[in-house]
Amino acid sequence: MSPDSAMDGIDGRVPPSAREITTGQANRVWSVEGPTQYILKHYGDPSRAANEAAALRLLTSHRAPCPQLLAASSGSSTPSWTAQAALHAKPVPIDRFLVDLTEPLAAIHRIPGTHFGRLAGARQHHSWTDYLHDRLRMYAASAPSLRAVARLLHQEVDASDNAIQPVLLHHDLQPGHLLREPAGSRLLIDWELAIFGDQRSDLARLAVRLGLDDPTPVFALASQPGATAEGRLHLYWRIHLLADAALSTDRVVRERAAGRLPGSNVT
């Protein structure tokens with residue numbers, strides 16, 4: 001048990017009065033009442049738990065818009081868990097999502113890193129190119145029918161300018177993860193996939209999550225457009241489509257993503 005987990009007796013166990021609020025593919029989440037109201041999250045993957053805890057600590061140190069981490073498991077706890085302060089906030093409506101995302105996302109993208117990839121619980125890379133190649137190899141191994149697509153993307157990665165300074169990315173931006181508090185401030189939840197990388201990858205993943213046929217509409221959120229930024233956005237968009245086509249457990253999501261990738265053959 002980590003030092004965090006001593007707060008108010010929070011130990012990762014589910015109290016009898018806890019109310020389960022969602023059951024995801026890999027995680028279970030409860031709302032817990034008591035002297036300290038909190039959200040208890042159990043993870044199927046310990047590396048994601050470690051990553052979310054590390055991200056929340058980093059965000060808090062930069063006074064960024066995120067939930068407060070109250071406690072977290074150690075590496076030996078089963079299941080891995082975090083406890084986060086309960087929020088009195090509601091998801092931002094979809095018609096306001098991109099507008100309301102601009103300010104909190106800019107604050108997050110100002111947080112620098114010293115490596116590329118996950119903050120904790122996974123391999124860290126010396127360059128953005130190495131990180132992208134590693135991801136592409138994993139997608140190709142998971143979906144052999146997409147190896148030709150992955151090979152073309154490897155070539156595009158090598159041909160692009162990847163002299164990137166790493167910054168913090170949420171890397172799972174989607175409606176429901178941006179909340180508005182009663183006072184009007186916005187914050188982002190669900191940080192288990194956070195990485196250090198190129199901020200345009202965050203925007204490309206958002207375009208995939210919004211189901212856009214072209215990522216250009218999210219380009220307005222880029223704080224550093226640059227001469228080659230739009231081309232990178234399109235490259236990252238295709239990489240994230242490949243990720244969905246190779247790894248999604250939802251057949252509809254998998255087939256929709258594959259259908260946007262030239263040369264794919266996923267069923």
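## Salt bridges

A salt bridge is counted here where a side-chain nitrogen of Lys or Arg lies within 4 Å of a carboxyl oxygen of Asp or Glu. By this rule, the count for the structure, which is a predicted model, comes to 17 salt bridges.

One of these salt bridges joins glutamate 192 and lysine 41, whose closest N and O atoms are 3.0 Å apart. Glutamate 192 belongs to the loop between strand 10 and strand 11, while lysine 41 belongs to strand 3 (residues 38-43), so the pair ties together parts that are 151 residues apart in sequence. Glutamate 192 and lysine 41 are both buried. Lys41 and Glu192 are also members of a network of salt bridges that links them with Arg48, Glu52 and Asp190.

## Salt bridges that involve helices

Aspartate 244 and arginine 209 meet through their side chains in a salt bridge, with an N to O distance of 3.0 Å. This pair links distant parts of the chain, since aspartate 244 is in helix 6 (residues 229-247) and arginine 209 is in helix 5 (residues 199-209), 35 residues apart. Aspartate 244 has a relative accessible area of 11% and is buried, whereas arginine 209, at 28% relative accessibility, counts as partly exposed.

A further salt bridge is formed by aspartate 134 with arginine 123, and here the closest N and O atoms are 3.6 Å apart. Aspartate 134 is in helix 3 and arginine 123 is in the loop between strand 7 and helix 3, 11 residues apart. Aspartate 134 counts as partly exposed at 24% relative accessibility, and arginine 123 counts as exposed at 55%.

## Aromatic rings

Three aromatic pairs are found in a search of the whole structure. In one of them, the ring centres of phenylalanine 116 and tryptophan 128 are 6.1 Å apart and the planes stand at 45°, so the pair is tilted. Phenylalanine 116 lies in the loop between helix 2 (97-108) and strand 7 (117-118), and tryptophan 128 lies in helix 3 (residues 128-142), 12 residues apart. Phenylalanine 116 is buried, with a relative accessible area of 6%, and tryptophan 128 is buried at 0%.

Tryptophan 128 also pairs with tyrosine 131: the centres are 5.2 Å apart and the planes are at 20°, so this pair is stacked. Tryptophan 128 and tyrosine 131 are three residues apart in helix 3, a separation of about one helical turn. Tyrosine 131 is buried, with a relative accessible area of 9%. Through ring pairs, Phe116, Trp128, Tyr131 and Tyr236 are linked into a cluster.

Strand 7 and strand 11 (residues 195-197) run antiparallel and are joined by two bridges. In strand 11, isoleucine 195 stands opposite arginine 118.

Another open sheet has three strands in the order 6-9-10, again with antiparallel pairing. Its edges are strand 6 (90-91) and strand 10 (186-188), each with a single partner strand, so one side of each is left without a neighbour in the sheet. Strand 9 (residues 178-180) is joined to strand 10 by three bridges, and these strands run antiparallel. Leucine 179 stands opposite leucine 187 in strand 10. Helix 2 lies across strand 9 and strand 10 and runs at about 105° to strand 9.

Note on methods
Residues numbered from 1 in each chain as written. Predicted model: local features only at pLDDT ≥ 70, side-chain atom pairs only at ≥ 80, totals over all residues. Heavy atoms only, no water. Phe/Tyr/Trp six-rings, centres within 6.5 Å; stacked < 30°, edge-to-face > 60°. Helix = DSSP H or I, 4+ residues; strand = E, 2+ residues; numbered from the N terminus. Buried < 20%, exposed > 50% of the residue type's maximum accessible area, 1.4 Å probe, protein only. Pairing = 2+ DSSP bridges. Contact = heavy atoms within 4.5 Å. Axes fitted to C-alpha atoms, helices over the stretch in contact; angles between N-to-C directions.
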